[in-house]
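Here is a friendly briefing to read alongside the model. Please keep the viewer open as you go through the points.

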Amino acid sequence: MANLPKTQMVTLIICNDCQHAFVTEMPLIEEVHQIVCIHCESVMTTNKDQCCVYCSYGSEKYPKMQLWDILRSSLDSS
Ligand SMILES: [Zn+2]
Ligand SMILES: [Zn+2]
């Protein structure tokens with residue numbers, strides 16, 4: 001596979017049904033709970049123990065969750 005974008009705003013989703021992997025941008029405005037596979041059009045929804053589809057299926061956590069992790073660790077150390 002070619003080089004993937006390494007920014008935190010982009011994540012690699014792997015489809016549950018057809019295992020097709022595709023890169024998608026994560027919108028910052030709202031958490032997304034449904035994503036459609038660009039290959040087989042299967043609809044993936046958020047796992048119940050996760051906050052959004054990106055945390056459920058993506059290679060990267062949702063950007064807001066990444067920020068919370070950073071914030072929490074800085075609060076803990078103070
Ligand atoms: Zn698919
Ligand atoms: Zn999430």
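**Strand pairing and overall layout**

Strands β1 and β2 run antiparallel and are joined by five bridges; two strands count as paired if DSSP finds at least two bridges between them. This is a predicted model, in which local features need pLDDT of at least 70, side-chain atom pairs count only at pLDDT 80 or more, and totals for chains, interfaces and linings use all residues. Residues are numbered from 1 along each chain as its sequence is written, while chains are lettered from A and ligands numbered from 1 in the order in which they are written.

**Fold**

- The protein chain has two helices and four strands, where helices (H or I, at least four residues) and strands (E, at least two) are DSSP runs numbered from the N terminus.
- Read from the N terminus, the order of elements is β-β-β-β-α-α.
- Of the contacts between residues at least 6 apart in sequence, 30% join residues at least 24 apart; a contact means that two C-beta atoms, placed from the backbone, lie within 7 Å.

**The β1–β2 hairpin and its turn**

- Thr11 has Thr24 in β2 as its bridge partner.
- Six residues lie between β1 and β2 in this hairpin, and Gln19 in the turn has a positive phi of about 65°.
- Most residues other than glycine have a negative phi.
- Gln19 is exposed, because there are 10 other C-beta atoms within 10 Å and the limit for exposed is 12 or fewer (buried means 20 or more, partly exposed in between, with C-beta atoms placed from the backbone).

- Glu41 is not a glycine, yet its phi is positive at about 65°.
- Glu41 sits in the loop between β3 (34-36) and β4 (43-45).
- Glu41 is exposed, with 10 other C-beta atoms within 10 Å.

**Core and burial**

- Buried residues account for 14% of the 78 residues in the protein chain.
- The largest nonpolar core has eight residues: Ile13, Met26, Ile35, Cys52, Val53, Tyr54, Tyr57 and Tyr62. Such a core is a set of buried Ala, Val, Leu, Ile, Met, Phe, Trp, Tyr and Cys residues joined through C-beta atoms within 7 Å.
- Helix α1 (residues 53-57) gives the largest share of this core, three residues.
- Beyond its neighbours within four places in sequence, Ile13 is in contact with Phe22, Thr24, Ile35, Tyr57 and Gly58.

**Helix α2**

- None of the 14 residues of α2 is buried, so α2 lies largely in the open.
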